[in-house]
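Thanks for coming. I'll take a few minutes on one structure, so please look at the screen.

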Amino acid sequence: MFSDDLEEIVFSPYWNIPPSIAKAEIVPLIEKNPNYLAQHNMESVSGGGFRQRPGPDNSLGRVKFLFPNSFNIYFHDTPAKSLFEKDNRAYSHGCIRLSDPVWMDTYLVETSPECTPEKIESAMNAGLEKHVPLKHTVPVIITYYNDGVVENN
């Protein structure tokens, strides 16, 4: 369980791939297919890491919501909307996918007259990362429970 304040929306986000995911998943895929990064709209970054550029196939979708915390967890959109139809929901590396991020955007920025639904949609599809701090932070409280069963997929 933890709590923090949602402080910022990032439209058209990059996905900065955590080193643990890069080592366990991305590097083996690159070794099998040298074109893997280009085929998945990814690039190498200094220090040996990788990131996925903004776009329709970005793993974070078109928007993410930041509430800085020591677990590096945030809310985000997803291009894999079909995962919401599955009973097993453990397809994430720890962040929380939102089924309706447009509703969340609209709710969070409704006090800002310059943030119309049209401007939100435009920012989500711009392909250029844009950070928008909230005028008023929103408390986030997360409690995670599991049934103790670990599945190996």
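I'll start with a term: a nonpolar core here is a set of buried Ala, Val, Leu, Ile, Met, Phe, Trp, Tyr and Cys residues joined through side-chain atoms within 4.5 Å. Keep in mind that this is a predicted model.

The largest nonpolar core has 20 residues. Among those with the most contacts inside it are Leu6, Phe65, Phe67 and Leu108. At least two residues of this core come from each of strand 1, strand 5, helix 3, helix 4 and strand 8. There is also a second, separate core of 14 residues, including Ile17 and Cys95.

Next, the aromatic rings. Phe2, Phe67, Phe71 and Phe75 form one aromatic cluster. Which way do the rings of phenylalanine 2 and phenylalanine 67 pair? Their centres are 6.4 Å apart and their planes are at 25°, so this pair is stacked. Phenylalanine 2 is in strand 1, while phenylalanine 67 is in the loop between strand 5 and strand 6, 65 residues apart. Both phenylalanine 2 and phenylalanine 67 are buried.

With phenylalanine 71, phenylalanine 2 makes a tilted pair, because the planes are at 40°, with centres 5.1 Å apart. Phenylalanine 71 itself counts as exposed, because its relative accessibility is 52%.

Terms used. Residues are numbered from 1 along each chain as its sequence is written. This is a predicted model: local features need pLDDT of at least 70, side-chain atom pairs count only at pLDDT 80 or more; totals for chains, interfaces and linings use all residues. Side-chain values use heavy atoms; hydrogens and water are left out. Buried means under 20% relative accessible area, exposed over 50%, partly exposed in between (1.4 Å probe, protein chains only). Helices (H or I, at least four residues) and strands (E, at least two) are DSSP runs, numbered from the N terminus. Rings of Phe, Tyr and Trp (its six-membered ring) pair if their centres lie within 6.5 Å; planes under 30 degrees apart count as stacked, over 60 as edge-to-face and the rest as tilted.
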